[in-house]
Amino acid sequence: MRYWIKRRDKLVHNYSLVGYLLSPNQTIMDHAYENRSLIHHEAVINLIKKLIVDPNLVGDKKSENLAASINIFWDEYNWFVNKKKMFKFDHIWEDAARGDRVPAYRWHQRWSLHTTKVLGKLACLVQSKILGIGTAERNWKQVKLMKSGQRSSIGSEKCKKQVTLYGQYQQVKACLKEEKLSSAGKLWEDADFKSLKMDEYCKDMVAELDVRARQTKMFRNWQETWERKPLGANGDVLLLERLKLKYIGFKLDENEGDHRVFTVHEIEFKREPRRKCYRLVAVTEEYDKNLSLEDNDVMHYDVWEFCADTYDCFRVYYNEYADEDGVTVYEKGGVCDSEDEEDE
């Protein structure tokens, strides 16, 4: 919890600093430009790395993309401050366009989001967040309105009746509409395509399926530094979630006997008198997920430690089936670095 609070405070601090730099208010702009320091530059780099750079990039490509985005941002920021190029028009700086009643992120959404590559997107993201105590209190007031009075006192039986009545009404309405269309010889109408976000020939759906088919998953085939974090008596919740995100769903070959294929199903916490660790629980296709681990046949699952032999088993499987499963495997010391703590 302390780690989460620390990370959140740092992120909120970065949002505040960059939002201060990108305010369209003339007084704040002049003051920010004259007093910007190294801490502002670091905040810009952190947020560009977090919000702008493609998270699927690794190694040299990630570094090149980050460097290019930072250079573009500072070029666009200088145009923004000096009112040049896309910011040279007088009407966007009038009080009616950037007055106190116009939120800063709305101003950037209208005038810079579509004309810049980095600055507009970053400004909309950082200046639309609830950071000040006043805005947060007003937001909480709206939340409390939904959690007080008659809106939160409805009983389960009454709620069940309302849902049933509404469901029956929608069903009758749909049946009548279907009968009306059937009598006219139409099984669908243009509105059906719009509600499904498709055109009449389903071109957009086919294009989206093609994009999904080309997507690949990334797997770092070694025990990274953050995985060797010391554990307490009950483990570490944050570490467990990160391990699940990295390993669950990936496959490995037992690399002996019949070369059975296992899929990582869950992460198990093992507690011993002098040792506490997490282990991989991998299962075969015959494993019954409706039953507990103890109720399944022992031949249908196995437990794996985080060691060199385990990563060899991952390597043996994906040397043959990486393309088929859409997985890109990286080895230690290659073009893909270890996952950085600061990126999380």
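H13 is followed by Gly326, whose phi is positive, near 70°. Helices (H or I, at least four residues) and strands (E, at least two) are DSSP runs, numbered from the N terminus. The model is predicted: local features need pLDDT of at least 70 and side-chain atom pairs pLDDT 80 or more, while totals for chains, interfaces and linings use all residues. Residues are numbered from 1 along each chain as its sequence is written, and side-chain values use heavy atoms, without hydrogens and water.

The average pLDDT (the predictor's confidence in each residue, from 0 to 100) is 82, and 83% of the residues score at least 70. Residues 1-5 have pLDDT below 50, and this stretch has three contacts (heavy atoms within 4.5 Å) beyond near neighbours in sequence.

Four strands form an open sheet with antiparallel pairing (at least two DSSP bridges between two strands), in the order S2-S3-S4-S5. Strands S2 (251-253) and S5 (301-304) are its edges, each pairing on one side only. Direction ignored, neighbouring strands are turned by 45° against each other on average. S2 and S3 (residues 261-272) run antiparallel and are joined by three bridges; Lys251 has Thr263 in S3 as its bridge partner.

Helix H12 (residues 237-247) packs on the sheet, touching S3 and S4 (275-283), and its direction makes about 165° with that of S3. Helix H13 (residues 308-325) also packs on the sheet, where it touches S2, S3, S4 and S5; its direction makes about 115° with that of S2. These angles are taken between N-to-C directions, from 0 to 180 degrees, with axes fitted to C-alpha atoms, for helices over the stretch in contact.

H13 has a kink of about 60° centred on Asn319, the bend being the angle between axes fitted to the seven residues ending there and the seven starting there.
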